[in-house]
Amino acid sequence: MTSALGQGFVLLGLIAAGFGTAFGYIAGVRRSAAGLRLTRRLALLFAVAMVGACAVMWYALLSHDFSVSYVAQVGSTATPLHITIFSLWSSLEGSILFWGLILGLYIAAAAVFQRRGHEDYLAYTLATLLGIGTFFTFLIASVADPFAPTPPPVPVDGPGPNPLLQNHLLMAIHPPMLYLGYVGMSVPFAMAVAALLRGQLGATWLRPMRRWLLVPTSFLTAGIMLGGWWSYEVLGWGGYWAWDPVENASFLPWLTGIAALHSGIVQQRRGTLKAWTVILIMITFLLTILGTFLTRSGVVNSVHSFTQSPIGPVFLGFLGLCAAAVVVLLALRIDTLVSEPSNERLVSREGAFLLNNLLFVSLMFTVLVGTLYPIVAESLRGVKVSVGEPYFNRMAVPLFAGLLLLMGVGPALPWGGSDPKLVRRALVRPLPAAAVGLVVALLLGARSAPVLIVSAFAGFALWVTADQGLRPVRVRPRRQGGRSPLAAVLVAPDKLGAYVVHLGVLITFVAVAVSSTFQREAESTLRAGDTLRLGAYEMTFHGAERVQEPHLIRHQAEVEVITNGRSRGVLYPSLNIYPNQREPIGTPAVRTSVGHDLYLTLMNVGGDGSIGLRAITTPLVAWIWIGVVVMVLGTALCLIPTAAERRATTPRAVPDLAASPAGGGR
Amino acid sequence: MNRRVLLVGLGISLPLLAFLGFAFRHDPQIVESPLVGKPAPNFRLADLDGNIVDLAELRGQPVIVNFWATYCVPCLYEHPLLMEGARRWQGEIHFLGVIFQDDPETIAQFNADYGSWGPSLVDEGGRVAIAYGVYGPPETFFIDRDGVIVEKAIGQVWPDQLLDVANRMLAQPAAATG
């Protein structure tokens, strides 16, 4: 019964998406208002169907209806309520259903919010989005059907979701954030397709496109950060980024998405780089599909990969189809997007943006090559290889350092860069800040060249970021006769927002550089009463206990943390044993402070009551997460409409004859 | 038509797709079992009623050893197939189930409800699972008349595979046991 209801909703979604795709393209070609209305209704119906399907699955999970195969696979009567809710996305079929839900919500949002002023574009946009929706509902209805009835005998209980996912609350938000990022890239992609089909990409379409790109990029940033944080809090190795294929898969579209956000700025200001921005947006979308394919198909080895399943080939087919469509569409229509003529100098704001794009795309290729090399090596030479951290670090760190330098130099340079004297002054003024960065690093004990270079670049960039970000507040009141700082910011919140994002990037950048360079660790076997020393810390082991919980057995060690002879509290690192998992899963205990983290992992619990304890101190880890929060806040600022946009949208409610170019030419 | 875009686009995407397509030939998570082609590790285990089963004593007839548990969904999927197999080759092939980290009482209840296709052997401490290198249920080992593992299935056993391997093992001359 539940199975049939769920499958019914999925079928409804498939029908709505299929017809919506066809009607949307027809409406786009014919410029038919009635066709667009129908497409919009089908788009909303698709969203309703996806919400319905997920509601049915949640109901099945919460009522432990093991006659639904997905519930039999990930459900368990012993699993706590909140984990049961998250188990919707804890395994392959459910996560694709959840993907459908998010796609439905994005499509509904696009249909509702892009209603006015862009009718010609909107039909193509919705048609493209619903085309993607058709594929995903087809997937859910066929090879990844979570609603398939469990073959008899229907079990009385299930195994519960993967223990690693049960172990930390971050698992509740990391996947949804990533999906919001991945799936959201479909919207700017569809808008870019619409621009190509219309053969026009003006400022009126570019602004919303950039905004729709900004939202998923921000979710992706948060999702990647939460993944790193989860890895840090749960996996027990004391790190947050391992260049794992699936981490890389989420990183690839992030890199090109950010490149597109930057090239869009140039386009907005100068009317150039139109085709390039469109290409970057399309690559970003293709990379989200590639990333999903890598994760879901089981072709790469990773903590994330699901086992090989029939989904892989179907997904590869979809990736091939999308890539072919994109290449052909670009080849046919790219020449219709004429950029305004330009004669840029390299040493200018535009030049810096170009270089920025070059670095981001190089980074993307570097990571892509490292991620796919094992597959290539196996097909060409028949050997199994893995590409480890040294490759990525050696290749990516210089590129990141280049980006850091650009983050300082670019915003300092004037647009056009015509006057060499002006350019020189702009670049000399932040130099003292670079020197301060260098001295601070030296005082903190850094001696290696890369760390010192990064510190100087960071000082430079920090000065420029603050200078540029505060400019509206400093300059406006004087010129415009005493506006309040808030009003000055609200004229163009996106300007301040952009520099807030840069500030966040700087914080995270420095935190990553410092935390990965100055990590220290100690490891030992301890009996009750023994003490492990690491730096200023003394950690005394008081004993371990065994705690039985409904869905797991927890071995928990009591470790008192002492510095300078004073107790700083007790930490409880533990090892959890789940009935369906042979290896125990550790839960590290972390003591976070502004300066550094103390990280305790229980390596093993001996039969005689001894434990293996590993302690790691890592400086500035908390600042990585703080930096990302700042980035997300900055993005939120960017989403506030500018004064010009607010003026532009208000009169559009009335018939806008007067505002249209034709009206102006009377 | 912008040929440069077309050529660059195809030049990058086609090889990429070809490599990805190739990747399906291997599952990176499957490590070829070194046990295939080698004598099966022997075991002496008690079933739920305490009857001892000794693998060595079954020499001369093919044996199918399946590691399973009630919490494992693919095990449920393959249950009817194994029931059918045990019925079809009764007296010709021994079907042995080794309990993989599950509660014997739960197993007994399951067997009472849905029937069993062979003895459910209690593997104290998972020693046999370790000897066979079992990573997770279900895994199935096909052992021929000479006690050699001829094939291993990771995950659900499919009808074609069961039929094919069973017929191969049965076709092997019994005299080879010497």
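Figure 1. The model is predicted. The buried residues in H13(A) are Ile311(A), Gly312(A), Phe315(A), Leu316(A), Leu319(A), Cys322(A), Ala323(A), Val326(A), Val327(A), Leu330(A) and Arg333(A). Helix H13 of chain A runs over residues 311–333, and its 23 residues should span 33 Å at 1.5 Å a residue. The C-alpha atoms at its ends are 32 Å apart, which agrees with that expectation.

**Figure 2. The largest nonpolar core and a separate core.** The largest nonpolar core has 224 residues. Phe46(A), Ile107(A), Ala192(A), Val278(A), Met282(A) and Leu286(A) are the residues with the most contacts inside this core. With neighbours within four places in sequence left aside, Val278(A) is in contact with Ala192(A), Ala195(A), Leu196(A), Leu201(A) and Leu337(A). Another core, of 16 residues, lies apart from the largest one; among its residues are Leu575(A), Leu602(A), Ile611(A) and Leu613(A). In soluble globular proteins, nonpolar side chains tend to be buried together.

**Figure 3. Contact between the two domains of chain A.** Chain A is divided into domain 1, residues 2–392, and domain 2, residues 520–622. The centres of domain 1 of chain A and domain 2 of chain A, taken over C-alpha atoms, are separated by 38 Å. Domain 1 of chain A gives twelve residues to the contact and domain 2 of chain A gives 16 residues. On the side of domain 1 of chain A that touches domain 2 of chain A, the elements giving two or more residues are helix H7 (163–166) and helix H10 (203–234) of chain A. By class, this side of domain 1 of chain A has five nonpolar, six polar and one charged residues.

Figure 4. Most residues other than glycine have a negative phi. Arg31(A) has a phi near 50°, a positive value in a residue other than glycine. Arg31(A) is placed in the loop between helix H1 (2–30) and helix H2 (33–62) of chain A. Arg31(A) counts as exposed because it has 12 C-beta neighbours inside 10 Å. Phi of Trp243(A) is also positive, near 55°. The loop that holds Trp243(A) lies between H10 and helix H11 (245–270) of chain A. Trp243(A) has 18 other C-beta atoms within 10 Å, so Trp243(A) is partly exposed.

Figure 5. Asn162(A) is found in the loop between H6 and H7 of chain A. With 18 other C-beta atoms within 10 Å, Asn162(A) is partly exposed. Asn162(A) and Ser90(A) are 72 residues apart along the chain, and their C-alpha atoms are separated by 7.1 Å. Gly239(A) belongs to the loop between H10 and H11 of chain A. Gly239(A) counts as partly exposed, with 18 C-beta neighbours inside 10 Å. The C-alpha atoms of Gly239(A) and Leu169(A) are separated by 18 Å, for a distance of 70 residues along the chain.

**Figure 6. Fold and dimensions of chain A.** Chain A has 24 helices and ten strands. The radius of gyration of chain A is 27 Å, close to the 26 Å that the globule rule gives for 666 residues, so chain A is as compact as a globular protein of that length. Taken along the principal axes, the C-alpha atoms of chain A fill a box of roughly 95 × 70 × 55 Å. Of the 666 residues in chain A, 49% are buried. Among contacts in chain A between residues at least 6 apart in sequence, those joining residues at least 24 apart make up 72%.

**Figure 7. Fold and dimensions of chain B.** Chain B has five helices and seven strands. Along the sequence, the pattern of chain B is α-β-β-β-α-β-α-β-α-β-β-α. The radius of gyration of chain B is 21 Å, whereas a compact globule of 178 residues would have one near 16 Å. The C-alpha trace of chain B spans about 75 × 40 × 30 Å along its principal axes. Buried residues account for 33% of the 178 residues of chain B. In chain B, 73% of the contacts with a separation of 6 or more are between residues 24 or more positions apart.

Conventions:
Residues are numbered from 1 along each chain as its sequence is written. Chains are lettered from A and ligands numbered from 1 in the order in which they are written. This is a predicted model: local features need pLDDT of at least 70, side-chain atom pairs count only at pLDDT 80 or more; totals for chains, interfaces and linings use all residues. Helices (H or I, at least four residues) and strands (E, at least two) are DSSP runs, numbered from the N terminus. The expected span of a helix is 1.5 Å times one less than its number of residues. A residue is buried if 20 or more other C-beta atoms lie within 10 Å of its own, exposed if 12 or fewer, and partly exposed in between; C-beta atoms are placed from the backbone. The radius of gyration is taken over C-alpha atoms; the globule rule is 2.2 Å times the number of residues to the power 0.38. Two residues are in contact if their C-beta atoms, placed from the backbone, lie within 7 Å. Domain bounds come from an automatic or database domain assignment. Ala, Val, Leu, Ile, Met, Phe, Trp, Tyr, Cys and Pro count as nonpolar, Asp, Glu, Lys and Arg as charged, and the others, Gly among them, as polar. A nonpolar core is a set of buried Ala, Val, Leu, Ile, Met, Phe, Trp, Tyr and Cys residues joined through C-beta atoms within 7 Å.
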